[in-house]
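Subject: Handing over the structure

Hello,

Here is the structure I promised to pass on to you. Have a look at it first, and then read on for what turned up in it.

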Amino acid sequence: MDFAGKSIISIREMDKNSLLKIIETSNRVKNGEYKNFLTGKVLATLFFEPSTRTRLSFESAMRYMGGGVIGFSGTEYTSIKKGETLQDTIMTVSGYCNVIVMRHPVEGTARLASEIAIVPVINAGDGANQHPTQTFLDLFTLSELFANLSDVRVGFLGDLKYGRTVHSLAYALSLYQSPLWFIAPDLLRMPEYLTQEIKENGSRVHEVDDLERLEEHIDVLYVTRIQKERFGDMQEYERIAGCYRVTKKVVDMLGKDIKIMHPLPRVDEIAQEVDELENALYFRQAHNGIPVRQAVLGLVLGRLD
Amino acid sequence: MDFAGKSIISIREMDKNSLLKIIETSNRVKNGEYKNFLTGKVLATLFFEPSTRTRLSFESAMRYMGGGVIGFSGTEYTSIKKGETLQDTIMTVSGYCNVIVMRHPVEGTARLASEIAIVPVINAGDGANQHPTQTFLDLFTLSELFANLSDVRVGFLGDLKYGRTVHSLAYALSLYQSPLWFIAPDLLRMPEYLTQEIKENGSRVHEVDDLERLEEHIDVLYVTRIQKERFGDMQEYERIAGCYRVTKKVVDMLGKDIKIMHPLPRVDEIAQEVDELENALYFRQAHNGIPVRQAVLGLVLGRLD
Amino acid sequence: MDFAGKSIISIREMDKNSLLKIIETSNRVKNGEYKNFLTGKVLATLFFEPSTRTRLSFESAMRYMGGGVIGFSGTEYTSIKKGETLQDTIMTVSGYCNVIVMRHPVEGTARLASEIAIVPVINAGDGANQHPTQTFLDLFTLSELFANLSDVRVGFLGDLKYGRTVHSLAYALSLYQSPLWFIAPDLLRMPEYLTQEIKENGSRVHEVDDLERLEEHIDVLYVTRIQKERFGDMQEYERIAGCYRVTKKVVDMLGKDIKIMHPLPRVDEIAQEVDELENALYFRQAHNGIPVRQAVLGLVLGRLD
């Protein structure tokens with residue numbers, strides 16, 4: 001796939017080769033092979049819904065490589081209040097920059113924007129739908145530790161029903177036929193259509209409702225938060241959330257080589273005592289956002305290939 | 001006029017030569033004749049009232065040419081809340097930058113700031129008063145299509161009573177003696193003092209209350225929004241606004257060469273179906289904000305002449 | 001002291017040599033001895049509490065020297081709202097940048113952050129506690145006028161009980177054994193423990209409750225605001241605040257060489273009529289924030305030594 005001039009909207013448009021290309025380019029960027037490859041380019045970060053972490057990560061990626069950034073974040077934005085359509089906003093701003101990174105609370109907005117804009121659009125989250133660069137950095141972090149993604153045994157833990165991050169990463173790993181474990185309470189199981197699709201792509205899938213029922217070793221545990229709002233009964237919530245909390249004891253149970261991942265921010269689904277262990281990968285994941293987003297920006301801007 | 005070190009507060013300080021200078025410089029900037037001419041310079045964008053479009057446009061202009069930007073936008077600003085005067089804010093910030101771009105809800109504030117600041121101030125809107133760089137980009141867009149501004153027949157449509165943009169552009173065109181048409185409902189006619197002044201400058205002026213009563217061809221229709229708030233009676237508003245809405249049918253009526261301009265944001269005063277026509281100039285206008293503001297910044301910073 | 005890689009949290013960690021180093025480096029930076037020494041570096045400004053002046057000053061310092069800036073200001077920040085700990089925020093963002101400048105309403109937060117971050121942290125205010133770069137720029141401004149800080153007679157006026165700025169500067173001057181005058185109403189006297197410590201460091205200390213009772217000449221009057229909120233009785237407040245207001249008459253009384261300093265923003269504790277006098281140093285102080293912060297950034301980033 002040639003990324004130059006292309007928008008990045010959904011992980012579902014990616015084939016295995018595209019993912020490989022992004023992983024390899026990220027790796028070369030992280031190794032310092034390219035310098036200042038974004039000089040003279042301007043990124044617009046349009047965050048109709050605030051997200052400090054993702055916004056700062058894209059802006060930092062740009063600035064380290066000599067690029068400029070303009071943009072707004074949530075509350076500040078006002079032309080929309082004056083009744084302007086999203087289409088007009090995108091059409092206007094796309095004449096002010098070389099690439100747009102956009103977050104919006106409504107599903108499908110990023111694709112709509114990409115059809116209007118005269119520059120590439122990178123989706124940084126459209127509601128519960130897609131956030132492809134998060135999946136890229138998850139895959140890249142895995143690729144740093146495992147030579148062959150097809151062999152990596154990944155368990156997903158927690159809220160698998162609503163988790164955008166989990167859906168995208170599980171789908172991406174299914175392109176590699178990686179064996180997957182879905183560990184969730186009944187109420188929050190991976191949607192059936194997605195499990196089906198993942199199996200059809202060739203991944204072996206195991207579903208259990210408890211970490212203790214894993215019958216094989218896994219290499220990676222990808223943790224997500226179980227949200228209070230999903231439960232009517234607070235006692236029920238407390239009981240269940242407790243079973244899906246990762247502590248040192250859980251890490252011990254999973255074996256000394258287990259890697260713990262999390263898209264962040266976390267609240268208490270991973271105990272702070274885990275941070276100091278070599279098993280904890282989540283901050284490395286977050287920091288990998290910089291080279292991965294630099295690679296993506298370099299590719300869509302035609303400065304890397 | 002030598003712009004170096006000068007503030008840009010009002011279109012009324014400009015003579016025809018100054019406008020010509022800005023148009024010509026914008027043209028050379030747009031053609032790519034100068035590179036990175038703002039390197040090492042810092043712009044402060046002080047938006048006491050938010051305006052995403054104008055702010056992003058200035059910031060982008062700066063960054064493409066290698067300059068840096070600092071600033072704040074509306075809600076964020078707090079020293080004023082601590083009781084600091086505008087004078088102290090301006091005096092302080094003008095020591096942090098090479099040029100200030102400022103928007104403020106109160107008329108006259110930009111001029112006040114320019115008298116205090118130790119660097120040039122560019123007015124990006126002071127209440128209903130002035131927003132000179134909008135007029136520059138309107139003129140520049142006209143100059144790209146018409147070799148001689150004196151011959152261009154421009155009709156202004158909609159709210160001519162309160163429209164800051166319309167007042168400034170009509171005044172500027174009167175310096176060229178361009179023939180002008182003012183098309184507005186009785187309630188929203190161009191202020192008499194301004195029509196008088198425009199005539200004295202040598203423009204032929206025609207006033208009608210309906211697009212259908214234009215008896216000559218015009219080259220350009222400059223559309224502005226009729227705001228609900230001006231009307232006590234909502235039925236009256238609906239009836240009138242409907243007559244001033246530009247559709248494909250209206251474009252047909254005006255002839256195939258008619259150009260449609262608008263300062264943006266628009267709501268529904270121009271139908272979306274018009275966007276795809278070659279007659280639509282409004283997004284080109286918006287995008288011309290970049291080279292025009294680069295030219296203005298380059299001139300006042302003494303980097304272009 | 002070698003500043004490279006070090007956090008700057010409190011003036012109390014500084015010895016006289018460290019202060020000297022910062023003053024000398026600021027002086028060389030202001031004289032233009034170094035160009036673009038922050039190129040390729042990224043600063044994150046994390047303002048959990050907004051402060052336009054300090055934030056703009058750091059951002060401008062960075063940009064003039066070719067560095068990039070990312071960050072947020074107050075209201076915008078939301079991961080914390082999602083329940084993330086400060087530790088996680090700092091750990092994540094410190095992987096996006098080379099240095100953090102941070103303001104937070106809670107005392108001790110900057111030190112906590114410096115223990116977690118993988119890059120240096122500069123404290124830009126933690127509640128009523130510390131704001132060391134303000135003290136650096138105060139000292140630097142004094143050093144531009146007085147060859148030997150040990151001889152400078154400095155009077156502090158106003159609210160000496162709660163003023164963070166005053167506490168830090170008085171402490172720093174005591175390292176030089178400068179003679180100090182504390183001029184405050186009874187209710188707002190310098191805290192006893194601090195007066196004691198300053199004396200132990202070797203400064204001669206004079207306490208009076210009225211400017212008219214100064215019995216010796218002073219060289220500098222450092223003014224701070226007396227806040228309404230400290231008083232239950234508004235008449236009492238008006239009476240007292242009036243006695244601590246600096247006017248031309250007060251300047252005359254203090255002698256033609258007196259220098260008037262203030263950390264800004266001011267409200268009415270210095271009359272505007274004083275601004276035009278050569279005695280007024282406060283805007284120069286503010287503008288010195290740029291070279292001083294450039295020096296500090298250059299030192300902790302290892303680009304100056």
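Helices here are DSSP runs of H or I with at least four residues, numbered from the N terminus. In that sense N17(C) lies in helix α1 of chain C, which covers residues 16-30. Please keep in mind that this is a predicted model.

Let me stay with N17(C) for a moment. Is N17(C) buried or exposed? N17(C) has 10 C-beta neighbours inside 10 Å, so it counts as exposed. In sequence N17(C) is 158 residues from L175(C), while in space the two are 9.9 Å apart, C-alpha to C-alpha.

Now the overall picture, with chain A as the example. Chain A holds ten helices and nine strands. Its C-alpha trace spans about 55 × 45 × 40 Å along the principal axes. A compact globule of 305 residues would have a radius of gyration near 19 Å, and the 20 Å of chain A agrees with that. Of the 305 residues in chain A, 54% are buried. Among the contacts in chain A with a separation of 6 or more, 73% are between residues 24 or more positions apart.

Next, some strands in chain A. Strand β2 of chain A (residues 68-73) is mostly covered, with six of its six residues buried. G68(A), I70(A) and F72(A) point one way from this strand, and V69(A), G71(A) and S73(A) point the other way. Strand β1 of chain A (residues 42-47) pairs with β2(A) in the parallel sense, over six bridges. Within that pair, A44(A) stands opposite I70(A).

Strand β6 of chain A (residues 180-183) is covered on both faces: L180(A) and F182(A) are on one side, W181(A) and I183(A) are on the other, and all are buried. Its parallel pairing with strand β5 of chain A (residues 154-157) runs over four bridges. Here F156(A) is the residue opposite F182(A).

In chain B, what is the order of the strands in the four-stranded open sheet? The order is β2-β1-β3-β4, and the pairing is parallel. β2 (68-73) and β4 (121-126) of chain B stand at the edges with a single partner strand each, so one side of each has no neighbour in the sheet. On average, neighbouring strands of this sheet are turned by 10° against each other, direction ignored. Inside the sheet, β1 (residues 42-47) and β3 (residues 99-104) of chain B pair over five bridges. A44(B) has I100(B) in β3(B) as its bridge partner.

I100 comes up again in the core. In soluble globular proteins, nonpolar side chains tend to be buried together. The largest nonpolar core in this model has 283 residues, and those with the most contacts inside it are I100(A), I100(B), I100(C) and F156(C). Leaving aside neighbours within four places in sequence, the contacts of I100(C) include A44(C), L46(C), V93(C), A113(C) and V121(C).

How do the chains meet? Between chains A and C, 20 residues of chain A are in contact with 20 residues of chain C. On the chain A side, α2 (52-64) and α10 (282-300) are the elements that give two or more residues. The largest share, eight residues, comes from α2(A). By class, this side of chain A has nine nonpolar, seven polar and four charged residues.

Chains B and A meet through 20 residues of chain B and 20 residues of chain A. On the chain B side, the elements giving two or more residues are α2 (52-64) and α10 of chain B. With eight residues, α2(B) gives the most. This side of chain B has nine nonpolar, seven polar and four charged residues.

L264(B) has 21 other C-beta atoms within 10 Å, and it is buried because the cut-off is 20 or more. Beyond its neighbours within four places in sequence, L264(B) is in contact with D88(A) and T92(A), and also with R53(B), Y282(B) and A286(B). E115(B), in turn, is 149 residues from L264(B) in sequence and 31 Å away in space, C-alpha to C-alpha.

Enjoy exploring it!

Best wishes

Terms used. Residues numbered from 1 in each chain as written. Chains lettered and ligands numbered in written order. Predicted model: local features only at pLDDT ≥ 70, side-chain atom pairs only at ≥ 80, totals over all residues. Rg over C-alpha atoms; globule rule 2.2 N^0.38 Å. Buried ≥ 20, exposed ≤ 12 C-beta atoms within 10 Å, placed from the backbone. Contact = placed C-beta atoms within 7 Å. Pairing = 2+ DSSP bridges. Axes fitted to C-alpha atoms, helices over the stretch in contact; angles between N-to-C directions. Core = buried A, V, L, I, M, F, W, Y, C linked by C-beta atoms within 7 Å. Nonpolar A, V, L, I, M, F, W, Y, C, P; charged D, E, K, R; others polar.
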